[in-house]
Amino acid sequence: MRRETLERPCPGALPSQGRALSPEPPFDAPDAYLVLEDGTSFQGRSFGARRPSCGEVVFNTGMVGYPESFTDPSYRGQILALTYPLIGNYGVPAEFAAELSTFYESGRIHLEGLVVSEYSQYHHHWTAARGLSDLLVEAEVPGIEGIDTRALTKHLRSRGPMAGVITDKPSASVVLPPRHLVSEVSVSEVKSYGDGPKTVALVDCGCKNTIIRSLLSRKTRVLRVPWDFDASALDADGFLFSNGPGDPLDCKATIDNAKKALATGKPVFGICLGNQILALADGGRTYKLKFGHRGQNQPCRLEGTQRCFITSQNHGYAVDTERLPDGWEPWFTNLNDGTNEGLRHRSKPYMSVQFHPEAMPGPVDTGHLFDEFTALL
Amino acid sequence: MTLPKKVLVLGSGALKIGEAGEFDYSGSQAIKALKEEGVATVLVNPNIATNQTSEGFADRVYFLPVTPAYVGQVIERERPDGILLSFGGQTALNCGVALSRSGVLERAGIRVLGTPVSAIEDTEDRDRFVSRLREIGVLTPRSRAASSVEEARAAAAEIGYPVMIRIAYALGGLGSGLCTDESELTARAGAALAHAEQVLVEEFLLGWKEVEYEVVRDRVDNCITVCNMENLDPLGIHTGESIVVAPSQTLTNEEYHRLRAIAIRVVRHLGIVGECNVQYALDPRTGDYRVIEVNARLSRSSALASKATGYPLASVAAKLALDKTLLDIDNAVTRATKACFEPALDYLVVKIPRWDLKKFPKVTKTIDSGMKSVGEVMAVGRTFEEALQKGLRMLDIGADGLAGGADISFEDVAEEIRRPTDERIFAVYQGLRDGMTIPAVAELSHIDPWFLAKIANIALVEKSLAQGSREPSEQLLRRAKRLGFSDRQVAGACGATPAAVAALRSRLGIRPFVKQIDTLAAEYPAKTNYLYLTYAGSEDDVQPEPRPPVLVLGSGAYRIGSSVEFDWCCVNTVKTLRRLGLGVVLVNCNPETVSTDFDECDRLYFEELTLETVLEICERERPLGAILSVGGQSANNLALALAKAGVRILGTTAESIDMAEDRHKFSQLLDRLGVAQPPWSELSTIEEAALFARRVGYPVLVRPSYVLSGAAMAVAMDDSELRRFLEKAARVSPEHPVVLSKFILGAKEVELDGVARQGEILASVLTEHVENAGVHSGDATMVVPPQRTYLETVRQVQGIAGRVAKALAIHGPFNIQFLAKDNEVSVIECNLRASRSFPFVSKVCGTNLIELAAKVMLDWPVPPPKQDPFHVDYVGVKAPQFSFTRLKGADPTLSVEMASTGEVACLGDDFEEAFLKALTAVGFRFPLKKVLLSTGPQESKADFLPSARALAELGVELLGTPGTAAYLKAQGLDVKAVDWPLSGGDNTADRHISAGGVDLVVNIPKDYRTEELTNGYRIRRAAADFGVPLVTNIQQAKRIVESVFRKRAKEPVIKAWQEYVRT
């Protein structure tokens, strides 16, 4: 992607922590804009890195968990608007970029930009190592604050997801360069974690750290393989197709390899993008949702029961349950809009969910699904 | 399981500190929910001012005490097959648990719906609670139970000081407190053990955060958390005394979801079905936690969570109690999704308690783990600063927010920050503004630095405004408005007028935007009508309706003198207008109300009741007019300014309202009408005041316009008292004059509540006070219809009312208060609005005066009311509820200042029956077995003599303070003499009170002085501290004994409201 630097210099350093009475900057005029592809423009103030950027603009309704969200590879290439208005309150923890960090979901910030109503210059928390803005500067991710994120969310909700740019000019043309997002976030070679008696081959389409840690804590060895790697060739006891960014149809190699994995008859688990990959691998269909699910409050009903789980979600595509592949049935269904939230095979040990049982951020109510999967190995 | 056919719902009784309007909200929603499911409802609640006891809610209403004895009798009559215990606060819960333990429920075949009693007991009994949580590895504070002071001392020594003392089954943290050493522990444990058999001594978690989760679980084990909340104040300050923010602001994802998961585990393990609140302590240094409390019922916090999120917790909990699941219930806000989800907020709310400690001389101002606040407000905003400053204005305590609070300043700011009082937030602001660093303030207050940084932002803007010109720059003004500055605050800081700031805003196009509260942060389209205003936005969510609505202003924060009765008035106004086919926009900011249930009106603005905000709402909604006369005095106060700004006032004109409110104008009007009034004068020096007082004769009622400390009103018996009060407690000058009026002794007080149409009275109800004039009308025992008022007095009252109504062209509700002595009637006060007693007289007489008033104000034709209030064949008696037990140090006596926090009213076939029921409902215990008498001056001793004889005849054991005992003995009565408290020893009056066994203390103070720390004060305080019913008024004392005597051996009649009042 083309990255240009701004002509004008960055403003002076932001006020640091601990000053007696100036935690917030002076009352600046607007100096940054979010311009959408339909021409709608929002004005605000810049924080984080100062560079123009473009991406698909999406929103998330979670009220906590920005360090986890920003490092979730599923957000690759996106400009994320947070509907909760106060962001940055508790700063960001240490261990950024550490392998399998417990505080972050990967070693990078995947956002193209961050849009908030109010960025809190002052942060305080015992785990905080620095302010969010400092991290964004290091990661070269621009932020814009002072935006009516509710108005933006309603706009995206009614017009559908669209591209946008963060810039210092009130208007701009918005063109998204083509990208293969999954290949940008996947590992480039096979990595091994842990030494448990059972081995899971984890196909990394943009895997979150907590998925790996959830497997490791259940006494498995994890072989993390690139998105286009044929894991069926490995001596694994089961396969997990991870979450990841973008349209599942862009992952043709993964879909083909998933077919092979299913053919082994070994246990298979899919999460988020993995749910869609498995459906496509066995002949199902996916489609783009009008309103993507991005929040920590999505109710998912366990099919055939009165039980419902509150889940963390982040996806723009869904599996079409009208045309499920033979042998598969819906496992979970979204209580709000009736879309598919998980599949399972009637006779074979294949299961997958559209939501995030690993949470991070979000509710941990479905963590037991990792128990169910590892019990099958 | 099958649906129950008839369900008994227990209410919470009178509003009191720790148990207030939130239970009208929860009970009303529960009853509505049961009706929706086709289940018949029977309600027991003596609080006549509530909405839940109105027509259209429960099928049968019993205005009876919520005690096992009375409720047992209702059960026998009504034969319900289900009971709800968790919607009427601790009162209902305790009553229900007692009925269950005694086997009454089982024998009557009544199923406890929702959370089972065993689970309730798990949460209420501290030992069981701790061991149940330990079963699943959930941490609670280290604690030991103790049933004696010695055991408590041993436990504290083991745990290590400081420790907390708590008692089981207590509402609002009663009797709990922090003990830093053994002497404090001995005192607190002694007081607490007077109320309970057991106290808990617990580790004190200094500086830990307090966090709460509201959890809902259904019978198939679906479990969600609807809201989490974070207290701004650290642990150790009761959550009812704390500023509370929702959602939490300083918790990370890990902390938020770890505590959420624990809450769900706890609720599942305990087997809650319905709603439950889990309170945590969270260590800000390590993230360690303790579960400090679980409330297995609807609570103040759940009411707040409901209003904060739009999720109708009480309604959902009621449906879950009927065995529905969360998947069966619709999301009432979106009407498109289900109740099984967790609201996502795209705003935050700040709850701030409202205290009225100034009304109580001598009360301790520090706030701690016991509750003292009497109400609360909730402010919605998209910045913390905005919500906080809005909230402070909503309190209606004279503060415009944090900035510009010139009237509140502190000499020792650091000490004020360290030792929390009701004004600490202002001290924090002053400290930060005047140069204290955030870490320094955090160290003193244990408030999270993040909150302090936000408060510092406000100070920064105030300074910038003050340093700049009279006309702030556009950026600065935008910033100030975004941080919640009102136009008045901006004007105050930059030396301009509010009007100039408003004009500048209008020129620059700076205005607030209307946002919806939709439970899901705009993710899906929602039909919600639940709204607020914010400057942190750029788009309105809603447009005005094509048909202009009626604007109705609510009551704001509950406070002494204005509480649930005005919510009843608002709700009934709105219902009436909607029945007439009109659209209604309601503005209110009190989360413990029914009027702020978004399904009550067409559009609800959870907003300030200030001129600036109401005008902004008018600009957006373009109402055809505004009704200000049903929300109490605060709404009424806006009349003149709104009318000047061009808003049409529905009802009596603003000019007439001003004429009734302005003492000079009203006095002139009465003179013109030839109506008597107690002589009064407005004076600007102490010398003039003394001259006037001597001229009209003492005693005089003194009302300074500028109060320095203590009560705003006082009665002076002589020159020295007058001087002392005016010199010490007030400022007297031409700018701050004092009003003196002749205080008439021995006069009866009567009130007329009514509705007039263009100056003609359509309906009115006369109420008589049991106590002589001099007791605030809000603290008086009121009787309808009058029992002891001369016909001539009635005739005069009606004549005067007619003339006043005509002269003021009253068009809507009104209330006039009269003094009557020897058939001479004078007017004390006239309110051109609904009064505190409107629900009482409406419900007793079966004529809804508010419905009538609402129709009149909209010029709707009204038929004359059916029932003549004088010809009912029963009596209604309203009795005040005091909360002196919680107000440590306050003198529990009746005076010209109102002190009660709530009221009840009961019906009976005669006065005595209704009176005794009402007294029982506010905590009096009958039959009387042992009574302590201290009947004051000689004349009242003589006055009480027949009553003392009657008590003796009933076989009541009498104790008397030295003078009283000597007097009664001389009259041949058998009285045990006890010593004065100050004389010490084992036989003092207060020792007898604390030892238990005394059912009633009668202590008649010598006069209306409230400044003395006397023996009398010690006796009254002992009664309050040890929960013994106390009477300080001679008329009331006599009527109690008279009633007890007449009703001996007679059982009270158990009859539903619908059986008394046949309309």
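A nonpolar core is a set of buried Ala, Val, Leu, Ile, Met, Phe, Trp, Tyr and Cys residues joined through C-beta atoms within 7 Å. In this predicted model, the largest such core holds 454 residues, and at least three of its residues come from each of domain 1 and domain 2 of chain A. The points below take up that core and then the contact between those domains.

**The largest nonpolar core**

- The members that touch the most other members are Val203(A), Val9(B), Leu452(B) and Ala918(B).
- Among the elements of the structure, helix α16 of chain B, spanning residues 449-467, gives the most to this core, supplying 10 residues.
- Leaving aside residues up to four places away in sequence, Val9(B) touches Gly27(B), Ala30(B), Ile31(B), Thr41(B), Val42(B), Leu43(B), Ala58(B), Leu84(B) and Phe87(B).

**The two domains of chain A**

- The domain assignment of chain A places domain 1 at residues 32-167 and domain 2 at residues 181-376.
- Taken over C-alpha atoms, the centres of domain 1 of chain A and domain 2 of chain A are separated by 26 Å.
- To the contact between them, domain 1 of chain A brings 24 residues and domain 2 of chain A brings 25 residues.

**The side of domain 1 that touches domain 2**

- In chain A, β3 (53-60) and α1 (66-70) each supply at least two residues of the side of domain 1 that touches domain 2, and β3(A) accounts for the largest share of that side, with 3 residues.
- Sorted by class, this side of domain 1 of chain A, where domain 2 of chain A is touched, comprises 8 nonpolar, 11 polar and 5 charged residues.

Methods: Residues numbered from 1 in each chain as written. Chains lettered and ligands numbered in written order. Predicted model: local features only at pLDDT ≥ 70, side-chain atom pairs only at ≥ 80, totals over all residues. Domains from an automatic or database assignment. Contact = placed C-beta atoms within 7 Å. Helix = DSSP H or I, 4+ residues; strand = E, 2+ residues; numbered from the N terminus. Nonpolar A, V, L, I, M, F, W, Y, C, P; charged D, E, K, R; others polar. Buried ≥ 20, exposed ≤ 12 C-beta atoms within 10 Å, placed from the backbone.
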